[in-house]
Amino acid sequence: MDLRIFTEPQQGADYDTLLTVAKATEDLGFDAFYRSDHYLRMGPGDGLPGPTDAWITLAGLARETSRIKLGTLMTAGTFRLPGVLAIQVAQVDQMSGGRVELGLGAGWFEEEHKAYGIPFPKEKFGRLEEQLEIITGLWATGIGQKYSFDGTYYQLIDSPALPKPVQGRVPVLIGGHGAVRTPRLAARYADEFNIPFASLEDSEKQFGRVRDAAGAAGRGPDELVYSNALVVCVGKNDAEVARRASVIGREVEELKANGLAGSPAEVADKIGQYGAIGSSRIYLQILDLDDLDHLELISSQVMPQLG
C-alpha cells in the first residue's frame, strides 16, 4: 500500500510551508506529495497568505526534492488551455527528472472562478474529454511529427507537440463519483483511478464500474491503479486524536466514520480494509500543515503495519 501526502494549500499555506511538508514527505518515506488546484479558501477563515498556483509550486518542489512523486488532485480543467497545460506538465517533469503525475478534473468550484475572473463554462465534461485527448496526444506525437485536433471546444493545427516529458507519457489520474461518464473516461485515458472521500462500500462500487469500463474498452482492468483520498487524523492516544481533530475543526467520530482517524492501529486496520476492496494507494489529506509530528507518527507507527 502506497501512502501519499495530499495538501489543500488554498486553506492557507505559502510556498515555504509546502516545501517544508514536501521535504518531510520525502524524508519520512512517503511515496508522493500532492496538492489541490484551487485559488479560493473553502469554508470560514481569511485564507491568508493567499493562494499558490499548483504547477508553479510543483516546479519549485521539483528542484528541491529528489525522490518523491509530485502531482495534483486534481488540476482544474477550467484553469488552463490543454496545449499550455501539456507544456507546463512536461516542463515540470523535466525539472523533476521524471517524477510528475497529472490528476486532471473538470473543475467545479464556481466561486473561485468568479473571484479571479476565470470563465466557468456550462459544459465542462466535454471539455475535459477533449483536454485529455489533446494532452495525451501531444505527448504521444513523435519528435519531428505534427499534431492537429479539431474538436467542439479546442482546435490545434500542426503543433510541434513539444516539449516532451522525461517519462514519455506522464501518468494520468482521473477520479470522481460519477457512475457512467467518469468510469468511461478513466477506462480510455487514465493510468490511475482515484475516488475522493468515499466509504468502503461506495469505493468498491466505483472501482467495479471502472473495471467494467476498462474491460469494455479493451483494457485489462488491472492496468489501472485504484486509489482513495481520505482525511487523516492519527494520535498516540485519544487525547492527541481529539486535539488534532479540534485543530482542523472536525469531530473525532465523524472523522472515524468518513476518513482515517484514531490510533495508529485503528488507522492501519481501516487502510487494510480499503486494500481489501482493491485500493493500492491512499492519499492522506493533511489539513494542519504545521503539524509535522503528525507525519512522523504516521510514518513510524502506521506505515510499518501495512507491509
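I take accessible areas from the Shrake-Rupley method with a 1.4 Å probe; for residues, only the protein chains shown count as cover. On that basis the accessible surface of the protein comes to about 13,300 Å². Carbon and sulfur atoms hold 51% of this surface.

**Ground rules.** I am working on a predicted model, where local features need pLDDT of at least 70, side-chain atom pairs count only at pLDDT 80 or more, and totals for chains, interfaces and linings use all residues. I number residues from 1 along each chain as its sequence is written, and side-chain values use heavy atoms, with hydrogens and water left out.

**Overall form.** I looked up the secondary structure and found 11 helices and 12 strands. These are DSSP runs numbered from the N terminus: helices are H or I with at least four residues, strands are E with at least two. The C-alpha atoms fill a box of roughly 60 × 45 × 35 Å along the principal axes. I then checked the radius of gyration, taken over C-alpha atoms, against the globule rule of 2.2 Å times the number of residues to the power 0.38. For 307 residues a compact globule would come out near 19 Å, and the protein has 19 Å, so the two agree.

**Burial and contacts.** I call a residue buried under 20% relative accessible area, exposed over 50% and partly exposed in between (1.4 Å probe, protein chains only). Buried residues make up 53% of the 307. Contact means heavy atoms within 4.5 Å. Among contacts between residues at least 6 apart in sequence, 72% join residues at least 24 apart.

**Core.** I define a nonpolar core as a set of buried Ala, Val, Leu, Ile, Met, Phe, Trp, Tyr and Cys residues joined through side-chain atoms within 4.5 Å. The largest has 73 residues. Trp55, Trp139, Leu284 and Ile298 have the most contacts inside it. Helix 5 (residues 125–140) gives the most to this core, with 7 residues. I followed up Leu284, leaving aside neighbours within four places in sequence. Its contacts include Leu3, Ile5, Phe6, Phe30 and Ile298. Arg4 is also one of its contacts.

**Helix 6.** Which residues are buried in helix 6 (residues 181–189)? I list Thr182, Pro183, Leu185, Ala186, Ala187 and Tyr189. The buried residues of this helix pack against helix 5, strand 8 (172–175), strand 9 (192–196) and helix 7 (200–216).

**Ala59.** I placed Ala59 in helix 2 (residues 54–64). Ala59 is buried, with a relative accessible area of 16%. Not counting residues up to four places away in sequence, Ala59 touches Val92 and Met95. Gly126 is 67 residues from Ala59 in sequence and 29 Å away in space, C-alpha to C-alpha.

**Backbone exceptions.** Most residues other than glycine have a negative phi, and most peptide bonds are trans. I noted these departures.

- The Leu48 to Pro49 peptide bond is cis, with omega near 10°. Pro49 sits in the loop between strand 2 (32–35) and helix 2.
- Leu162 and Pro163 are joined by a cis peptide bond, omega about 0°. Pro163 is in the loop between strand 7 (155–159) and strand 8.
- Asp158 is not a glycine, yet its phi is positive, about 50°. Asp158 belongs to strand 7 and is partly exposed at 47% relative accessible area.
- Phe197, also not a glycine, has a positive phi of about 55°. Phe197 lies in the loop between strand 9 and helix 7 and counts as partly exposed at 41% relative accessibility.
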